[in-house]
Amino acid sequence: MPYSTENDRTSLLIHLIDSGCKHFLARPTGFGKTAFLDELEALYRSGAVRMAPNRILRLDFSKIAFDYDAEVGFQEAFEAFVLRSFEAAGYVDRPETNGVLLYRIAKWLRDLPVVSLAVLIDNYDTPLIRALPNPKLYQEILRELSIFYAILKSEDGCQHSVWMTGLTRAAGCDIFDTYNVTVDLTWTPDCAALFGIPNPNGAYCFDLLGKTRVDAPHKRPEKLTELETILVDCAFTHADRSILEPQRLPLRYVTDTCDVRTIRPEGLLTQLGLLSIQEVDRNESVIVAPADECAKAILEQELQQTQ
């Protein structure tokens, strides 16, 4: 539902923060996911949050300095990224105490006071998507990330609340199982306007009830980003020209959270903002269609390249 005042939006965010859950929210490129986490951080620091944490851990996985065309080296790049991120949250590294960085971090987390740390994870799926064309590298990255999230889960007593954002949940199904992410807000009606500009005639709908429409804060580029191209290539292994026209589908096809390599193309393309929900009925079916003319042109071009 659109928020009638900024206070309504802030009240919703504070309520979600105070729930103490691990939240996830997927949105397409250009919907301000990083700015949203900035907003959450400001709320934590404002004192408006109950039992506000005194430390905030920000992790932007798009900042991992790694050459994804390489076959080796991700572990070292990932550990350097993790160290920088935790040091910004107050961690002081003491390599002499244990030879494994993640074990040292686990002890630091274990020693923190209860609910004293907020965890804000941005672009969680970037390394996984970048590695999709290389199955061997994908498995290596998935293994490293799974170890990291397993440690976060085992030492979650210090965590006040957790927020994760990304392009799609489908890229990290195994990670969600490891970290036990409990609340997926991607299609929740009350959160449909957390990103974007509310507009009854907007191009996008992220509402299981089909009532809230929004416009993107930034105009969609005429070309896909690198990450979008990789995901669209995955979708188009099963897509056909029917995606260019409105089509009625079971709702589960759009909200599916299965692996990116097996998810239905309609679900993946809707999460990417190339398709959008037009209508939802009581029989749990949904009409989806290209979000706008720019999205339709991109889909048309991608279809021509795959035929």
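Mentor: Helices are DSSP runs of H or I with at least four residues, strands are DSSP runs of E with at least two, and both are numbered from the N terminus. The model is predicted, so local features need pLDDT of at least 70 and side-chain atom pairs count only at pLDDT 80 or more, while totals for chains, interfaces and linings use all residues. Residues are numbered from 1 along each chain as its sequence is written, and side-chain values use heavy atoms, with hydrogens and water left out.

Trainee: Is N123 buried or exposed?

Mentor: N123 sits in the loop between strand 3 and helix 5. Its phi is near 55°, a positive value in a residue other than glycine. Because its relative accessibility is 16%, N123 counts as buried.

Trainee: What arc do the buried residues of helix 3 cover around the axis?

Mentor: The buried residues of helix 3 (residues 74-88) are F74, A77, F78, F81, V82, S85 and F86. They lie on the same side of helix 3, because the arc they cover around the axis, taken from the directions from the helix axis to the C-beta atoms, is only 160°.

Trainee: What span is expected for helix 3?

Mentor: Helix 3 has 15 residues. The expected span is 1.5 Å times one less than the number of residues. From its first C-alpha to its last, helix 3 reaches 21 Å, close to the expected 21 Å.

Trainee: What do the buried residues of helix 4 pack against?

Mentor: The buried residues of helix 4 are L101, L102, R104, I105, A106, W108 and L109. Contact means heavy atoms within 4.5 Å. By that rule these residues pack against strand 2, helix 3, strand 3 (117-122) and helix 6.

Trainee: In strand 11, which residue is the bridge partner of V280?

Mentor: Strand 10 (residues 275-280) and strand 11 (residues 285-290) pair in the antiparallel sense over 5 bridges. They form a hairpin with 4 residues between them, and E284 in the turn has a positive phi of about 60°. The bridge partner of V280 in strand 11 is V286.

Trainee: How far is K223 from C234 in space?

Mentor: K223 lies in the loop between strand 8 and helix 8 (226-235). K223 counts as exposed, because its relative accessibility is 71%. K223 and C234 are 11 residues apart in sequence, and in space their C-alpha to C-alpha distance is 17 Å.

Methods: Buried < 20%, exposed > 50% of the residue type's maximum accessible area, 1.4 Å probe, protein only. Pairing = 2+ DSSP bridges.
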